[in-house]
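Hi,

Here's the structure I promised to pass along. Have a look, and my notes on the pockets and the ligand follow below.

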Amino acid sequence: MCGIFGYIGPHQASPILLEGLRRLEYRGYDSTGLAVKNGAISIYKKVGKVQQLREILPQTIEGNMGIAHTRWATHGGVTDENSHPHPSAQGKVVIVHNGIIENARMLRTSLNVQGVKLVSETDSEVLAHIIERELSIDDNPEEAVRRALRQARGTWGICAVFKDHDMIVCARNGSPLIIGQGINEMFISSDPHALTAHTQQVIYLEDGDLATLTATSVKLSTLTGGDSSTKGTTLENDWGESELGDYPHFMLKEIYEQPDALRHCINGRLDRTRGSGKLGGLKLSPAALAKVPHVRLLGCGTSYNAAEIGRLLIEKLARIPTFAHISSEFRHNDPVIHPSALHFAVTQSGETADTLSAIKEIQLKGGNVHGVVNVVGSSIARLCGRGVYIHSGPEQAVASTKAFSNMVAALSMFALQIGRSRNISKERGVELIHGLQQVPHLVESYLENQGPILEAVELVKNAKSVLFLGRGISAPVAKEGALKLMEIAYIPCLAYPAGEMKHGPIALLEEGSPVIFIAPNDHVKTKTASAIHECRARGAKIILIHEEGDEIAEEGDVCISVPPVHNLLSPLLTVVPLQLIAYHTALELGCDVDRPRNLAKSVTVE
Ligand code: F6R
């Protein structure tokens, strides 16, 4: 979603800002802009990609300080005027803003009454004008921002530059901002990935923080004018390359990174001697695990699908009631929170606003939440304080692939850990450990021999809709496959537990309708086979994901086999052909695989 990058230091700002924007591109956006100060403040903004902004910039823009933005439209259409940065009426202040100003309408009206003409339809622009108005009182930029934000209601990550002052003032409330401290230069970004090229020394602003940056200093305070307790930290070296390398798209690169990502996730977290998982970051003793009354998992999109698999594994191995919830629904249903229950927030970005709100709801009601998070130091990782990093490395394609696999792997290890504390034998635990340790190699061997993916693509690429069916642990895999194909190839997809198909979705089938079945060799396979027969009888074309050597292969029109694996871990194999079908279909249809329309990588609004 929207991204911010800022710079103040000895170098020309514009190339640094453009490179910062390029590194924020993966978050998803529809327009970009930057402002550079050199006496006056020059602003350039444009609908489209960073490259289109680059094309309208003059050869050189003099100036050693500036702010830049990628916008994902919420208030107001996708236009150049609505793009950020936004200047104030007299041009003394220029801002970029992420988040939503909830009382913008009221603030607009009062600015109009004072004779200020707003030029965009955005909620953000009001902040530039109010800061300018406040600046006229005492010419103190920090105080002006503080007073302005006290009039606003909503969420913000905001950076402001001033025509008459050499500083950047920024503030956070609900939208992440991270200061990067260089030598005689400072950076500000909404995403740590964009900072790693410049520095490892960072300060994650907390909600309510305000920071004033010069090239050589950072002054931290709070919105109320007190001292901030926020401290600096060193960014961990993310394993994994965040550049494209020889791959045509990030999505393909990330699909191929899954074996190594899985190795990073499980490395050092399995205890063969005890037949258990060893997730130290949870800080949960066996005694504590034995007393847990129930488990709730929260997530959105792909992370919710991973949570559903986690739910089944935990219930199966630990015999404890477990629920998966869509984060955006959770808070509004006034959930009952048990203080001894375990809650997990599952998220790649660690910034998803719906999941953040759900966590706050649980914490407000006295519950604890553990994170299952990819991005180290993200808002959710910090808010939870305890949890499991899934160690996927940077995921840049909007469609999540390797993070999904690592979420499932991390939740499998937790299921094993809690299962051993309550229910399963050491032998069963060791079996699962053995299975988990084989998975990276098995995914690798599948990737070397992918089967007739392109035949599947031929069947789905022009379909009116595609039905994905699976049972048991494969039902959430079906959902994940449908989500992938829908989001990057724009084909309407439906996912159902296979047994439910005859209760409704079967009405959609006609001669040639593609139906994708996920049918690993588990205890529900024969039931799935019945659903396949029912679809075939209505003329459907069956794309079947099955285990190598399994006789169920006779049931498919296009059969894609994956190596056999421990029954409870089949999602880690069966999801991979689904990711590849989505990727190649999108490619075939000429879609922007890595940046599908309307979507954002990090969804920071509710
Ligand atoms: C799908 C996808 C989204 C995200 C969802 C949650 O490929 O990427 O559905 O899974 O927006 O995002 P995180 O995991 O960052 O909380």
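For the residue classes below, Ala, Val, Leu, Ile, Met, Phe, Trp, Tyr, Cys and Pro are counted as nonpolar, Asp, Glu, Lys and Arg as charged, and the rest, including Gly, as polar. Bear in mind that this is a predicted model.

With those classes, the lining of the second largest pocket splits into four nonpolar, five polar and five charged residues. That pocket holds about 360 Å³ of space. It has 14 lining residues, and Thr155, Arg331, Ala353, Ser357 and Glu606 sit closest to its centre.

On to the largest pocket, with about 520 Å³ of space. Here 26 residues form the lining, with Cys300, Gly301, Ala600, Lys601 and Val603 closest to the centre. Its lining counts ten nonpolar, eleven polar and five charged residues. At least two lining residues come from each of α9 (301-318), β19 (342-347), α11 (353-364) and α16 (474-489). Where does it lie relative to domain 2 (244-446) and domain 3 (449-606)? Both domains give residues to the lining, so the largest pocket lies between them.

Now the ligand. There are 14 residues around it, and Ser303, Gln348, Ser349, Thr352 and Glu487 come nearest. Lys484 has a polar side-chain atom 3.0 Å from an oxygen of the ligand, while Val398 uses a polar backbone atom, at 3.1 Å from a ligand oxygen. On its own the ligand exposes 410 Å², and the protein buries 90% of that.

Cheers

Note on methods. Residues are numbered from 1 along each chain as its sequence is written. This is a predicted model: local features need pLDDT of at least 70, side-chain atom pairs count only at pLDDT 80 or more; totals for chains, interfaces and linings use all residues. Side-chain values use heavy atoms; hydrogens and water are left out. On a 1 Å grid over the protein atoms alone, a cavity is a set of points where a 1.4 Å probe fits but cannot get out, and a pocket is an open set with protein on both sides within 12 Å along at least five of seven lines; lining residues have an atom within 4 Å of a point. Grid points are joined across faces, edges and corners, and a volume is the space filled by probe spheres set on the points. Helices (H or I, at least four residues) and strands (E, at least two) are DSSP runs, numbered from the N terminus. Domain bounds come from an automatic or database domain assignment. A residue is near a molecule or strand if one of its heavy atoms lies within 4 Å of it. A polar contact is a pair of N or O atoms within 3.5 Å; within protein, one must be able to donate a hydrogen and the other to accept it, and residues adjacent in sequence count only if both atoms are side-chain atoms. Accessible areas come from the Shrake-Rupley method with a 1.4 Å probe; for residues, only the protein chains shown count as cover.
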